[in-house]
Amino acid sequence: MSSKKDFLERHSIKQLLKTTLHGTIENIATHLKAFLQTKDPESLHQYRVYIRTARSICLEFSEFMDEKRQFVLDKTLKVLQQETNEMRDLDVFIESLDAYKQKVDDQYWDDVEHLQTQLLAEKELAYRSFETKFTPKLQAKIIEELTELQNDEKLCLPKSEEKLFRHIKAIIEKRLKKIAKLSKKLDIKSSNEKFHKLRLHYKKLRYTCDALSFKQFAKSFKPIQNAFGKVQDKNTQIERIKRYNSANSVALQKVIALLEEEIDNDKRVCIEKSTKDILQTMHEKFEKIFTCKES
C-alpha cells in the first residue's frame, strides 16, 4: 500500500501541472469533437468539466507559473467556457421542464409546451452558431495553442520543481477556510450571488482534489456542490422565463412561483450541508490524507 503522503513527497508541482494540463487538453479536444459530431449534451458537459478542471489547477497553482503565460492560458480557457454557458443553461432547463409541467394544472400545459418550443428553438440556434464558429480548422488552432502553452518550458517557474507535499496542504486549507468563512454568513435570505460564489469555491476544491487523485475526499463534497448548483440553475431559469412576457401568462407565473419555492428548499439544503460541524469533519478527512494509508 502507498499513502497519498508518499505521492505528494514524490511528485513536484510542475509534474502535477504538466500532467493535468496534458490530460485535460486531450479531453477538451475529444469532447469538443464528440459534441460537434453528435450534439450530445453530455459531451458538452464533459467538455466544460475539463475546461474548468484546467482553469482550477492554473488558479490554485498560479504562484508557481509565469504570470503572463498563465494569464494567456486561463484567458483562452475562459473564452471557451463562456462560449458554451448559454447552451448548457438551455440544456439543463429543457431537461427540467417536463418535471415542472407535471406540477402545474393541465389547463396550463399549452403555455408550458409553448415555452418548451421557444427553448428548443433557442437551443437549436445556439448549437448551430457554435458549430458554425468552431470549424475543424479553428478547433485544431485552439488545441494547438493550448498544447504549445502547456509544453512551454517557461510556463512553470523554477520553484514549481518543489514537491507537492511542501505546498498542497496550505493550498487546500486556504480554500477550505474561504468556504468556512462564506458558509458562516449564509442564510435563507442570502443573495443568489453569495450561493453562487460558494458553489464556485466547492467546484475549484473538487477539481483540484480530483487532479491530485484525492478521489474519496473530492467525492464527499460533491452532494454539496450539486445542492448549490440547483440554486444557481433555478435562478437562471427564472430570469430566462421573465423574458417571455411572463407577466401576462398565468402558467409561467406558476412555474416561476414553483421555482422560487424550490430555491428556498434548495437553499436550506445548502445551509444544512455547510454547517460548522460538517465543514470541520471535511477538514478532518483532509488531514487524514497525510497520515492514513490508501486502500
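Visitor: Is S213 buried, exposed or partly exposed?
Guide: At 31% relative accessibility, S213 counts as partly exposed. Keep in mind that this is a predicted model.

Visitor: Where is S213 found?
Guide: S213 sits in the loop between α9 (192–211) and α10 (215–220).

Visitor: What about its phi, for S213?
Guide: The phi of S213 is positive, about 65 degrees, although the residue is not a glycine.

Visitor: Helix packing next. How do α11 and α12 cross?
Guide: Helix α11 (residues 222–241) and helix α12 (residues 250–272) have axes that come within 9 Å and cross at roughly 160 degrees. That makes α11 roughly antiparallel to α12, since angles over 145 degrees are put in that class.

Visitor: Left-handed or right-handed, α11 past α12?
Guide: The crossing of α11 past α12 is left-handed.

Visitor: Which residues make the contact?
Guide: On the α11 side they are A227, F228, K230, V231, K234, N235, Q237, I238 and I241. On the α12 side they are L252, V255, I256, L259, E260, E262, I263, D266, K267, V269 and C270. By class, this contact of α11 with α12 has 12 nonpolar, 2 polar and 6 charged residues.

Visitor: Now α3 and α4. At what angle do the axes cross?
Guide: Roughly 155 degrees, with the axes of α3 and α4 coming within 10 Å. That makes α3 roughly antiparallel to α4. The crossing of α3 and α4 is left-handed.

Visitor: Which residues meet there, in α3 and α4?
Guide: From α3 come Y47, R48, I51, R52, A54, R55, C58 and L59. They meet Q70, L73, D74, L77, K78, L80 and Q81 in α4. The residues of this contact of α3 with α4 divide into 8 nonpolar, 2 polar and 5 charged.

Visitor: What about α4 and α7, how do their axes cross?
Guide: The axes of helix α4 (residues 67–83) and helix α7 (residues 136–151) cross at roughly 150 degrees and come within 10 Å. α4 and α7 are therefore roughly antiparallel to each other. α4 passes α7 in a left-handed crossing.

Visitor: And the contact, which residues of α4 and α7?
Guide: R69, V72, L73, T76, L77 and L80 of α4, with I142, L146 and L149 of α7. The contact of α4 with α7 divides into 7 nonpolar, 1 polar and 1 charged residue.

Visitor: Back to α3. Where is S56 found, and is S56 buried or exposed?
Guide: S56 is in helix α3 (residues 41–60). At 6% relative accessibility, S56 counts as buried.

Visitor: What does S56 touch?
Guide: Not counting residues up to four places away in sequence, S56 touches K203, K204, Y207 and T208.

Visitor: Rings now. How many aromatic pairs does the structure hold?
Guide: The structure holds 7 aromatic pairs. One of them joins F61 and F64: the ring centres are 6.4 Å apart and the planes are at 50 degrees, so the pair is tilted. F61 counts as buried at 1% relative accessibility, and F64 counts as buried at 1% as well.

Visitor: What about F130 and F134, how far centre to centre?
Guide: 4.3 Å centre to centre, with 20 degrees between the planes of F130 and F134, and the pair is stacked. Both F130 and F134 are buried.

Visitor: Which residues do ring pairs link into a cluster?
Guide: F35, Y127, F130 and F134.

Visitor: Last one, Y108. Where does Y108 lie?
Guide: In the loop between α5 (85–101) and α6 (109–133). At 18% relative accessibility, Y108 counts as buried, because the cut-off is under 20%.

Visitor: What is Y108 in contact with?
Guide: V250, A251 and K254, leaving aside the neighbours of Y108 within four places in sequence.

Visitor: And what separates the C-alpha atoms of Y108 and R69?
Guide: 54 Å, for residues that are 39 apart along the chain.

Definitions and conventions. Residues are numbered from 1 along each chain as its sequence is written. This is a predicted model: local features need pLDDT of at least 70, side-chain atom pairs count only at pLDDT 80 or more; totals for chains, interfaces and linings use all residues. Side-chain values use heavy atoms; hydrogens and water are left out. Axes are lines fitted to C-alpha atoms, for helices over the stretch in contact, and angles run from 0 to 180 degrees between N-to-C directions. Helices (H or I, at least four residues) and strands (E, at least two) are DSSP runs, numbered from the N terminus. Angles under 35 degrees count as roughly parallel, over 145 as roughly antiparallel, 65 to 115 as roughly perpendicular and the rest as oblique. A crossing is left-handed if the near helix is turned anticlockwise from the far one by less than a right angle, and right-handed if clockwise. Contact means heavy atoms within 4.5 Å. Ala, Val, Leu, Ile, Met, Phe, Trp, Tyr, Cys and Pro count as nonpolar, Asp, Glu, Lys and Arg as charged, and the others, Gly among them, as polar. Buried means under 20% relative accessible area, exposed over 50%, partly exposed in between (1.4 Å probe, protein chains only). Rings of Phe, Tyr and Trp (its six-membered ring) pair if their centres lie within 6.5 Å; planes under 30 degrees apart count as stacked, over 60 as edge-to-face and the rest as tilted.
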